[in-house]
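User: I would like to learn how to read the features of a model like this one. Please take me through them one at a time.

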Amino acid sequence: MSIEEIEAEALKLDPEARARLAEKLLESLETLSEQETEALWAEEADRRDADWDSPSGSARPAADVLRDARAKLK
């Protein structure tokens, strides 16, 4: 089963079951070794750096982000 298929099936669960699944998944990340954690952070840093450098990057001015966030809170 692909990650997309698993995700689609998980999203079909009722909210309580999704919360339970999310909790188990998060707990599973707490047992990663220091080496695994460092590798994941390095991959994320590389991804963010590549996104920042790309012309179609998702970087937006902070003022726009804050404006949008405030609008969603209203």
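This is a predicted model: local features need pLDDT of at least 70, side-chain atom pairs count only at pLDDT 80 or more; totals for chains, interfaces and linings use all residues.

User: How should I read the accessibility of Arg-20 and Glu-16: is each exposed or partly exposed?

Analyst: The cut-off to apply is that exposed means over 50% relative accessible area and buried means under 20%, with partly exposed in between. Arg-20 has 46% relative accessibility, so Arg-20 counts as partly exposed. Glu-16 has 60%, so Glu-16 counts as exposed.

User: How many salt bridges does a search of the whole structure find?

Analyst: The search finds 7 salt bridges. One of them joins Arg-47 to Glu-44, whose closest N and O atoms are 2.6 Å apart. Both residues are in helix H3, with a spacing of 3 residues, about one turn of the helix. Arg-47 is partly exposed because its relative accessibility is 45%, and Glu-44 is partly exposed because its relative accessible area is 23%.

User: Which residues are linked in a network of salt bridges?

Analyst: The network here links Arg-60, Asp-64, Arg-67 and Asp-68. Within it, the side chains of Asp-64 and Arg-67 meet at 3.1 Å, N to O. Asp-64 and Arg-67 lie 3 residues apart in helix H4 (residues 62-73), about one turn of the helix. Asp-64 has 26% relative accessibility and so counts as partly exposed; Arg-67, with 49%, is partly exposed too.

User: Next, surface patches. Which residues form the negative surface patch?

Analyst: A charged patch is read as a group of like charges, and the residues in it have no salt bridge. The negative surface patch consists of Glu-43, Asp-46, Asp-49 and Asp-53. Asp-46 sits in helix H3 (residues 34-53), and counts as exposed because its relative accessibility is 54%.

User: What makes the nonpolar surface patch?

Analyst: Met-1, Ile-3 and Ile-6 make this patch, with an area of about 370 Å². Met-1 is in the segment before helix H1 (3-11). Met-1 has a relative accessible area of 75%, so Met-1 is exposed.

User: What about the fold: how many helices and strands does the protein chain have?

Analyst: The chain has 4 helices and 0 strands, and the order of its elements from the N terminus is α-α-α-α.

User: What is the radius of gyration of the protein chain, and what would a compact globule have?

Analyst: The chain has 17 Å, whereas a compact globule of 74 residues would have a radius of gyration near 11 Å. The C-alpha trace spans about 40 × 35 × 25 Å along its principal axes. Buried residues account for 3% of the 74 residues. The chain exposes about 6,900 Å², of which carbon and sulfur atoms supply 58%.

Terms used:
Residues are numbered from 1 along each chain as its sequence is written. Side-chain values use heavy atoms; hydrogens and water are left out. Patches are made of residues with over 30% relative accessible area and no salt bridge: like charges are joined within 9 Å, nonpolar side chains (Val, Leu, Ile, Met, Phe, Trp, Tyr) within 5 Å. Accessible areas come from the Shrake-Rupley method with a 1.4 Å probe; for residues, only the protein chains shown count as cover. A salt bridge is a side-chain nitrogen of Lys or Arg within 4 Å of a carboxyl oxygen of Asp or Glu. Lys and Arg count as positive and Asp and Glu as negative; His and the chain ends are not counted. The place of a charge is taken as NZ of Lys, CZ of Arg, CG of Asp or CD of Glu. Helices (H or I, at least four residues) and strands (E, at least two) are DSSP runs, numbered from the N terminus. Buried means under 20% relative accessible area, exposed over 50%, partly exposed in between (1.4 Å probe, protein chains only). The radius of gyration is taken over C-alpha atoms; the globule rule is 2.2 Å times the number of residues to the power 0.38.
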